[in-house]
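Subject: Handover of a structure

Dear colleague,

I am pleased to pass the following structure on to you. Please look through it first; a summary of the findings comes directly after it.

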Amino acid sequence: MRVGVFTAYKLQLIEAAYHNGSFLIVADGQSFGAILPNEFVSLRKTSDAKVELKHGVKLLGRFREVHLKPTKTNFALRWRAMQPSLKERRYQGAFNIKVKNGHLLIINEVDMDTYLMGVVESEGGGGKPLEYYKAQAVISRTYAIKHQNKHAKEGYHLCDQVHCQAYHNMLRFTDDIATAVNATSGSYLVQKQNGELVDGYFHANCGGQTSQVSYVWNNDIPYLIPFKDPFCTHTPQATWEKRIPKLEWQKFLVNKYHYPIHDPIYGSVIFNFEQNERKAFYISPHLGIPLRDIRAHFNLRSTFFSCYPDGNDVVLKGRGYGHGIGMCQEGAMEMARQGFHFEQILNYYFRGVKVENDLYHLHFRHPNLQPFE
Ligand SMILES: [Zn+2]
Ligand SMILES: [Zn+2]
C-alpha cells in the first residue's frame, strides 16, 4: 500500500540516511548505485518543481521522480527533514519522492502489517497489554481497508496524520506490537448482519460513557450505540480541567449563537452546566449550541464536561479525551489487563460485529477495496 508521509508539512529539503541496510537509488529510470553505511541522500525541491538529488555532497541531478528501494524488505531509512526542521523518523519499505503543490511529496510503499505496526505504536504507545494491541491492530486494519481511497486524488491511499491514522515511525519500542499484528494478520471487523466493513473509529478515553454518533457527526451508526464504560474511569486521561475567562465564554455564546444573555432565567445560568450523562447541547437543546462546536472552538479534550463560574473564569471539569466514538483505548487496555480477549474487547465497543479473515468475502462485499496482504 502507498502511504503519504510528512503530509502535515510543506517539505523543501530532507535527507534519507542509511539505517540498517542498503537502498538502491533510481531517478527518472536511471540507477545511481546504493545508499551504503554512513551515507545519505538529500532531496530538495527546485524552483521548477523538480527534485534535486545529492548522494552525500555529490550532485546527481534534477529529476521528476526519485525512487529509493530497499535491497531487502525489512530495511529502513532514517528521514531527517531540514526545511522545515523535524524530529527524525524511520520508515521501512520503498519510497517515491516528487514535487507536488510546491513541496516534496514522499510516498512510502509498505506492506499492510509493517504499516500497522507503525500505526499501532503511534496511536497506542509502548508498554500496553497484548490483547489491546491485537484489538487496535484489527481496528486499524479495518480502517485502512475501508478508507483506502481517501487520498486517491493525491496518488496514495492513506496519509500519516490523524486524518487517516497516525503513522509516525516504524515500530521501535516493543515486540508485543509485532506479535499482535502478526497474530491478527489479515483480520478485519464486519457487521454480523450484513457483512459490511465496520468503521473502525477509536479515541483515547470516553470518560465513562461513549458518545451518540449523531452528537458528533450528523448520522448514526447502528453498531455504535452510547453505553456506560466502567473500564476507563480511573485511567490517566479520565478527567481534565480547564479555566476560560468568562468574557471569552460569553462572547462566543452570544456572538455565535445569540445566547439570550438578557433573559431573566438563561442570562443568570450562562456559566452553569451539569452533564452527568453525555448531552448534545449546552444548557438546553432549544438554545441550539452544540457541545461539539464549543469543544472545537476552545480546543477542549472532550464535549463531556460540566462547568461553573469562579471569579473571572468559568471552570470546566471534563471527562475523557477524544470524540468518544468506537473503541475507547484506555478502556480497552484495562479490559486486556483484566484478561479479556481481543475479540471480546471489540465486541464490547462495537455491537453486532465479528472478526473476519476471509479475502473472498471481502472481495465479494467490497469489490473496490483491496486487503493489501
Ligand atoms: Zn488522510
Ligand atoms: Zn471508556
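The notes below go from the whole chain to individual residues.

Please bear in mind that this is a predicted model.

Overall picture

The protein chain has 373 residues, of which 40% count as buried. Its secondary structure comprises 9 helices and 20 strands. Among contacts in the chain with a separation of 6 or more, 66% are accounted for by residues 24 or more positions apart.

Backbone features

As background, most residues other than glycine have a negative phi, and most peptide bonds are trans.

The peptide bond that runs from Gln83 to Pro84 is cis, and its omega is near -5°. Pro84 lies in the loop between strand β9, which covers residues 76–83, and strand β10, which covers residues 89–92.

Asn38 is not a glycine, yet it has a positive phi of about 70°. This residue sits in the loop that links β4 (30–35) and β5 (40–45). Asn38 is exposed, because 8 other C-beta atoms lie within 10 Å, and a residue with 12 or fewer falls in that class.

Ile283 likewise has a positive phi, of about 60°, although it is not a glycine. Its place is in the loop between α5 and α6, the latter spanning residues 291–298. Is Ile283 buried, exposed or partly exposed? It has 17 C-beta neighbours inside 10 Å and therefore counts as partly exposed, since that class lies between the limit of 12 or fewer for exposed residues and the limit of 20 or more for buried ones.

Tyr257 and its surroundings

Tyr257 belongs to helix α5, which comprises residues 246–257. With 15 C-beta neighbours inside 10 Å, Tyr257 counts as partly exposed. Which residues does Tyr257 contact, leaving aside its neighbours within four places in sequence? They are Leu287, Gly288 and Ile289. As for Ile325, the C-alpha atoms of Tyr257 and Ile325 are 26 Å apart in space, and the two residues are 68 apart in sequence.

Yours sincerely,
A colleague

Terms used:
Residues numbered from 1 in each chain as written. Chains lettered and ligands numbered in written order. Predicted model: local features only at pLDDT ≥ 70, side-chain atom pairs only at ≥ 80, totals over all residues. Helix = DSSP H or I, 4+ residues; strand = E, 2+ residues; numbered from the N terminus. Contact = placed C-beta atoms within 7 Å.
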